[in-house]
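Hi everyone, thanks for coming.

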Amino acid sequence: MSGKPREISRRAFTSFALAGALAPFSAKASTGLPQDPRFVTPDHGLVQTLVAIGADLSGVAQIPNWDVWTIEPALPKDVVNLGTAQEMNLELLQRLQPDLILSTPYLENVRHQLERIAPVESFPIHALGTSPYPNILAATRRLGELSGREAAAKELIAATERLFEASRPKLTRLRTHPLVFLHFIDTRHVRIYGPNCIIQDVLDRLDLQNGWPEMTNGWGFATAGIERLVDIGDAWVLVFDPVPPDVEALLAGSPLWQNLPFVQAGRVRRFPNVLAFGTLPAATRMTRLLTELELGHA
Amino acid sequence: MLSESRQIQLWAVLFATLALIAIASNLGPSVTDLGIARLTGTPAPQDIDAVLMRFSLLPRLAMAPLCGAALGMAGALFQQVLRNPLASPSTLGVEAGSGLAIALAILFLPALLGWSRDLVSLAGAVFASGIVFFLSRKFAFRPIAVVLSGLIVGFYLSALSSTFILLNDYQLSGMFIWGSGSLSQQDWRPFRDLLPRVAICALAAGLLVRPMTALQLDETARGLGLRIAAIRAAGLGIAVALTAFTVSAVGVIGFLGLAAPAIARAVGARSFRSRLFLASLVGACLLTATDQSLQMLSKVAGMFLPAGAVTAVLGAPVLFLLIRKLPVSPGAATGAAVLSLARRPLVRVLGPVCILLLCLFLIATFIGRDESGHWVLDLGASLDPLLVWRLPRSIAAAAAGALLSIAGVILQRLLRNPMASPEVLGVNAGAGMGLLVVLLCVTAPGHFALTSGAAIGALTALGLLIFSIRKSSLSGNRALMAGVALATFLFALLSVVTATGDPRALLLLTWMAGSTYTADMTSAAILMGVTLVILPGLPLLARQIDLLSVGSDLARAAGARVERIQLIALTLAGLLTAVSSLGIGALSFIGLIAPQIARHAGLQRCFPQIAGAAMIGASLMVAADFLGRTIYFPWQLPAGLLSALIGGPILMIVLLCKKKA
């Protein structure tokens with residue numbers, strides 16, 4: 001009578017300890033969340049994935065930015081705005097009582113405060129000096145686990161890959177010249193996207209060439225004066241919306257702009273915005289927009 | 001010994017040579033390659049190198065000295081009229097006005113920018129300086145009045161635009177570049193617009209040289225029958241115009257306006273005429289040399305480097321080295337001497353302020369907003385989970401407000417300059433620098449790493465400051481210049497990073513705006529503890545500082561150990577600033593404004609002013625913190641910014657009411 005329970009308890013202890021040690025690696029055991037957990041997050045990229053897999057989202061930061069910069073997929077109507085991404089309203093978070101806070105490495109300095117409200121899981125995706133795509137896939141799978149929607153997450157990844165495959169043959173007309181994606185910051189400066197950014201990842205997967213020959217920072221963009229566009233030769237230049245209102249009039253009168261090879265060749269087009277720090281829905285949006293792009297005669 | 005004009009000629013040649021070397025090594029090779037034929041006549045579209053040279057590099061080469069000269073000249077004018085070596089184009093809020101106008105236009109009326117970005121920015125500048133002129137006209141443009149109202153208007157407007165930037169960082173990302181002054185050009189038009197404007201201003205400044213020189217003599221000038229107010233207004237008007245035109249063309253290149261006249265004075269330009277000339281030249285050469293070197297550097301580094309901020313990074317150490325050569329000039333006109341101030345007993349001021357502070361504390365603890373944004377009174381069980389968010393913030397805000405105000409009184413008394421706020425010590429710039437280094441070097445730094453970084457930065461800056469003062473005894477404007485040079489250097493480095501679009505910069509921007517967001521029980525306890533520890537020593541220190549108020553020579557004759565008192569007081573001010581910046585971020589406007597409110601409320605002696613300012617500062621910060629987290633719910637506005645938005649008008653009302661009485 002005395003030996004048996006002890007033995008069982010020892011075995012139980014061992015297996016318990018093992019499970020505990022493996023918890024961070026084994027998917028299902030680690031979440032410890034309720035059936036349909038309610039998430040809050042400051043990051044629009046994570047929100048894109050959560051919405052796409054149908055997870056329950058109660059709060060998001062910077063909601064007014066969504067329709068201008070993130071756009072897709074449509075944000076559910078009842079999601080509460082949490083304020084800015086770097087300072088989410090803590091009292092409001094406390095009142096919302098989320099099950100999990102999906103954070104980014106930029107918020108590590110307030111992690112101890114967020115943890116008072118709910119468990120925090122941080123998702124390093126961008127600014128690691130590498131392509132964000134593998135991190136996006138990992139995050140998608142992890143969000144699937146956390147929300148109990150593994151199948152939806154797998155399907156999101158598969159659908160994205162299928163879209164890349166299906167779109168690749170449709171884009172031959174974009175392979176005659178390299179492409180350059182940029183935002184106008186003001187009338188004299190642009191932000192040009194390249195390696196370390198999801199925009200580069202999409203170009204790579206579609207066998208398209210990026211025409212920006214120089215370095216980009218950890219987030220995958222370079223800030224430059226317009227005169228530096230001399231370096232891109234005769235690429236297609238795709239200008240992301242929104243463009244400051246005085247840019248076009250000013251460029252029209254600028255001899256430098258007018259003499260740039262791609263302007264001379266008429267290879268400048270506006271392009272609807274794609275969230276540069278986005279996740280898979282941003283990639284599919286960009287792919288679809290590329291296939292729909294009207295190039296006209298040039 | 002060379003004569004003044006001879007010496008100035010020598011320096012002028014030296015500066016010009018420096019700029020020419022930079023130009024030759026950057027543009028020389030490509031200009032020779034291109035040859036005259038390809039640089040003149042109609043540009044051939046295929047000849048992209050020639051196009052680049054003609055429509056980007058050459059206009060940029062023309063723009064740099066023009067902007068530099070305009071800002072140097074503006075700085076010399078400001079410093080002459082305001083008789084304050086710290087006066088610069090940013091003193092009058094010109095840049096802040098421009099920035100706010102552009103930010104507002106981007107957010108609410110983009111069509112206005114489409115019409116003319118230039119004029120929007122100019123209108124903002126005119127609006128800001130208009131308010132300053134309106135306020136200081138009542139005081140006959142006396143330096144102290146102009147400086148105070150300029151600082152307040154400037155702080156107020158830039159607090160507003162920082163708030164907009166924090167809330168709309170995507171739309172307003174261009175403001176970062178604007179704020180760090182990029183000279184990048186694609187056209188001759190901006191230069192063609194700016195040249196005649198600057199030329200007219202320079203001509204007008206030339207006409208004012210004689211009467212403005214007489215202004216130096218102040219009271220004597222009145223005897224000579226000069227219309228002092230009119231001359232001051234004219235001088236300020238020209239300086240404002242020069243700044244506004246430059247800012248609307250290239251953005252903020254703030255540091256030149258401060259440094260160029262200081263460098264001119266340091267290398268021996270004694271008369272106003274030579275200072276005006278040399279400051280313009282120094283400004284032109286410094287900016288050109290910097291911008292040319294930058295172009296070479298960014299070709300190699302592949303990084304975007306804005307000229308305005310980099311000029312400050314390079315120029316600040318030069319200023320630092322030249323400080324010892326600065327003549328111990330008449331310094332700033334002091335407050336009490338110019339504005340006759342009433343006296344009131346401490347109790348009559350402190351009583352109401354204490355009651356106010358208590359009320360504010362209660363409001364901040366019990367009132368909030370719920371999920372749907374309705375105002376609610378939280379009591380009992382619903383208050384419990386919220387207390388952990390509300391109390392530490394209120395306590396930290398109150399303590400930091402008190403500490404900064406005490407530091408502010410000490411500094412303003414010690415340095416006898418109403419512009420001396422805790423940030424002129426460069427201590428919180430040091431903390432910011434520490435933060436920046438940690439942010440850039442550590443992946444995903446946590447609370448502890450960031451706080452330690454900030455602490456190390458603050459202490460290093462404080463050490464540097466004490467070292468530089470010990471070496472060249474504390475003579476008002478020298479100490480100030482050392483602090484300002486340090487602060488400028490560090491903040492310029494920060495703005496280089498923000499201009500590259502690095503998203504981590506937003507974290508720093510929030511911190512610089514004075515955010516109580518990260519305050520928790522630990523930091524609140526530390527801030528409160530420091531406040532309680534220093535309280536008993538304050539009456540003693542105040543008596544010592546009062547001893548110095550007669551001037552250091554007289555005080556020394558009366559047996560005061562002047563240097564020791566100065567060193568202790570300054571170290572204390574630095575420590576207080578450091579502690580509060582670790583707790584609630586960097587914006588120390590409260591340290592400028594609370595002492596002024598206390599003084600204008602009638603607290604003239606040092607200890608009453610310290611006590612009054614501490615309570616006023618604490619009340620302001622508690623109010624600012626409460627409003628910051630509720631008024632624009634769910635967005636949080638940094639308490640530091642709101643303290644400027646609340647405190648500025650209060651001080652203005654105090655100033656104006658007294659004038660009427």
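So, how many residues of chain A are in contact with chain B? There are 54 from chain A, touching 53 of chain B, where a contact means that the C-beta atoms of two residues, placed from the backbone, lie within 7 Å.

Some housekeeping. Residues count from 1 along each chain as its sequence is written, and chains are lettered from A and ligands numbered from 1 in the order in which they are written. This is a predicted model, with local features needing pLDDT of at least 70 and side-chain atom pairs pLDDT 80 or more, while totals for chains, interfaces and linings use all residues.

Back to the side of chain A that touches chain B. Several elements give two or more residues to this side, including strand E7 (189–193), strand E8 (221–225) and helix H11 (255–259) of chain A. Helices and strands here are DSSP runs, H or I of at least four residues and E of at least two, numbered from the N terminus. The largest share, 6 residues, is from H5(A). By class, this side has 24 nonpolar, 18 polar and 12 charged residues; Ala, Val, Leu, Ile, Met, Phe, Trp, Tyr, Cys and Pro count as nonpolar, Asp, Glu, Lys and Arg as charged, and the others, Gly among them, as polar.

Now chain A itself. It has 13 helices and 10 strands. In chain A, 5 strands make an open, parallel sheet, ordered E3-E2-E1-E4-E5, and strands pair when DSSP finds at least two bridges between them. E3 and strand E5 (120–122) of chain A are the edges, each with a single partner strand, so one side of each has no neighbour in the sheet. E3(A) pairs with strand E2 (residues 56–60) of chain A over 2 bridges, and A:Gly59 has A:Val80 as its bridge partner in E3(A).

On to chain B. Its domain assignment, which comes from an automatic or database source, gives domain 1 (4–333) and domain 2 (390–472 + 493–660). Their C-alpha centres lie 29 Å apart. The contact between them takes 33 residues from domain 1 of chain B and 28 residues from domain 2 of chain B.

Which element gives the most to the side of domain 1 of chain B that touches domain 2 of chain B? That's H5(B), with 13 residues. This side of domain 1 of chain B has 23 nonpolar, 7 polar and 3 charged residues.
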